[in-house]
Amino acid sequence: MSETTRGRVFSGARPTGKQHLGNYLGAIRNYVALQDEYDCIYCIVDLHALTTIERPTDMWHDVRDMALDWLAAGMDPARTIIFVQSHVPQVTELYTLLGMVTPMGWLSRLPTFKEKVRQQPDNVNYGLLGYPVLMAADIVLYKADTVPVGDDQLPHLEFTREIVRRFNDRFGPVLIEPQAKLTDVPRVMGTDGANKMSKSLNNQIELAATPEETLKRVMGMVTDPARAYRTDPGHPEVCNVFALHGIYSPDRVAEIERECRVAGIGCVDCKRLFAANLNAALAPFRERRAELAANEDMVREVLADGAHRAEALAVETLREVKEAIGLVLPF
Ligand code: TRP
């Protein structure tokens, strides 16, 4: 990375395999754009994923699919460090050390923890409680000052800042207090029109799907529920397809809005148009992804190189942290 005064971005995402439109519009697109302004580090957080996994899993399958989507979307390994969390094991060491300055109450009070307890009452593991400490370790290990996240992650970011302040108060000004960078992202709803787009709800539109699969998914999208018949006037403001037309059909959106309200256009034609525009917009991405997918070794190399570059930064920070605490350094 360049020795300029550019800020340093770190963000992480759990390996969820093939990415969907919600991932793209909510995060990936922004990760890609930030590369022009910041030195960026993007991490596939496989250790965090283990907090919800109870059986052996094909992690590589999900990691590879996600990395392929990231790369095809324009993440540039020449400029950006792209790596897998567990490949730089120093993060677990920092996680242990940060745990020593983390009050239990801060963790158990976090809304994200309570939510997980509700979601998986039979697997309330210690890793789940420590999840934000590991996330804080991610961010501070690489001395990031800027963290692009969705608003669901704001409590974790605030937690990270508190841990940094506490650590620095006790041991000296070693760690950097990061800022959250919220971007103006649309809340992308799933094809059910009722929930946020998510793989676990099977309401997603995958970026790497074929045009035919995409059409099928789009045709299944729930639109304005008040519009039962073709002749019923529609309400674009409550329609998920219309919201996406705003992004994928910018020059038709005024016309679609007008026609929908007077039942001039029906939902079927409206969806067909959306599917066609979406497929056209995704075509270059899909072509690049297919090329990259044909060479899996290349993905391994990108991630190995990313881990190597990340580790160099990690070793440096850990050394400073241990020195500040007063641990005896082995060399
Ligand atoms: N907790 C984040 C999420 O669920 C993922 C994550 C892990 C992360 N480490 C991070 C995000 C560091 C930003 C910075 O989305």
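Predicted model: local features only at pLDDT ≥ 70, side-chain atom pairs only at ≥ 80, totals over all residues.

Entry 1, the ligand shell. I looked up which element gives the most to the shell around the ligand, and H7 does, with four residues. Both strand E1 (8–13) and helix H7 (126–141) supply at least two residues of that shell. For the labels, helices (H or I, at least four residues) and strands (E, at least two) are DSSP runs, numbered from the N terminus. Residues are numbered from 1 along each chain as its sequence is written, and side-chain values use heavy atoms, with hydrogens and water left out.

I found 13 residues around the ligand (a heavy atom within 4 Å), of which Arg14, Tyr131, Met135, Asp138 and Gln153 come nearest.

I read 2.9 Å between an oxygen atom of the ligand and an N or O atom in the side chain of Arg14. For Tyr131, a side-chain N or O atom is 2.8 Å from a nitrogen atom of the ligand. Gln153 places a polar side-chain atom 2.9 Å from a ligand nitrogen atom. I then checked the cover: of the 370 Å² of accessible area that the ligand has on its own, the protein covers 92% (Shrake-Rupley method, 1.4 Å probe).

I took a nonpolar core as a set of buried Ala, Val, Leu, Ile, Met, Phe, Trp, Tyr and Cys residues joined through side-chain atoms within 4.5 Å, with buried meaning under 20% relative accessible area (1.4 Å probe, protein chains only). The largest such core has 50 residues, and Leu21, Tyr42, Trp70 and Phe274 have the most contacts inside it. Among the elements that each supply at least two of its residues are H1 (21–34), H10 (240–248) and H12 (267–293). A second, separate core of 42 residues includes Leu94, Leu110, Leu141 and Leu318.

Beyond four places in sequence, Phe274 is in contact (heavy atoms within 4.5 Å) with residues including Leu21, Val241, Leu244, His245 and Tyr248. Which residues of H10 are buried? I listed Asn240, Val241, Phe242, Leu244, His245 and Tyr248. Their cover includes H1, H11 and H12.

I found Arg289 in helix H12. Is Arg289 buried or exposed? Arg289 counts as buried because its relative accessibility is 8%.

Methods
Polar contact = N/O pair within 3.5 Å; in protein donor to acceptor, adjacent residues only side chain to side chain.
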